[in-house]
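Hello,

Here is the structure I said I would pass on. My notes follow below it.

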Amino acid sequence: MIGFLDIEALVVPQSVIQEGHHFLRIAGRTGREGLVLWIGRRDGVKFVVTELVIPEQQGIRTNDGVCVIIEGAALARLNADLYKRQLQLIAQIHSHPQAAYHSSTDDEYAIATKVGCLSLVVPDFASRPFSLAEYVTFRLNTAGQWIELSTIEVSRFIHIAGGG
Ligand SMILES: [Zn+2]
């Protein structure tokens, strides 16, 4: 299963990025983590994101902090919808209250699970205006590990299209 390992560039509309960032920011104002998804289609070794998906989710507070839960039923509905529309999920984006990193919970409950897909984490509940440099980007390798991409790797891989 090659998944997205061969993908060399991800094209994301500015509007998708802004809409997602806004959602995470609003969730953060009430002390909750949020999670959004980028979906679209492959075009050779390029993947073009066509829309943002905000799955049904529950941001909860625990003794250890906060986390976001997508229930199985919501996930199943999402997968059925993607299949029907011939779209694929390539990236998940979620917020953290403070530092951006991939926690063990993030590893275990990742929604984007194909090799080569991305997981972006934004710090400080996305309280500042969007800046890709503030997001920490991880890519899933064949061993099932989320490997952090360097700033240069991210700038080569993620292309923001339109609207500045
Ligand atoms: Zn997390």
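Is Gln 86 buried or exposed? The model is a predicted one, and in it Gln 86 has 7 C-beta neighbours inside 10 Å; the cut-off for exposed is 12 or fewer, so Gln 86 counts as exposed. Its place in the chain is the loop between helix 2 (72–85) and strand 6 (88–95). The backbone there deserves a look: phi of Gln 86 is near 55°, which is positive, and the residue is not a glycine.

Asp 124 is another non-glycine residue with a positive phi, in this case about 50°. It sits in the loop between strand 7 (118–122) and strand 8 (136–140). With 15 other C-beta atoms within 10 Å, Asp 124 is partly exposed.

Now to helix 1 itself. The helix runs over residues 14–29, which makes 16 residues. At 1.5 Å a residue it should span 22 Å, and the distance between its end C-alpha atoms is 23 Å, which agrees.

Which residues of helix 1 are buried? They are Val 16, Ile 17, Gly 20, His 21, Leu 24, Ala 27 and Gly 28. Viewed down the helix axis, these buried residues fall within an arc of 125°, so they line one face of helix 1. The general rule behind such a pattern is that an α-helix has 3.6 residues a turn, so residues three or four places apart point the same way.

Regards

Technical notes:
Residues are numbered from 1 along each chain as its sequence is written. This is a predicted model: local features need pLDDT of at least 70, side-chain atom pairs count only at pLDDT 80 or more; totals for chains, interfaces and linings use all residues. Helices (H or I, at least four residues) and strands (E, at least two) are DSSP runs, numbered from the N terminus. The expected span of a helix is 1.5 Å times one less than its number of residues. A residue is buried if 20 or more other C-beta atoms lie within 10 Å of its own, exposed if 12 or fewer, and partly exposed in between; C-beta atoms are placed from the backbone. The arc is that of the directions from the helix axis to the C-beta atoms.
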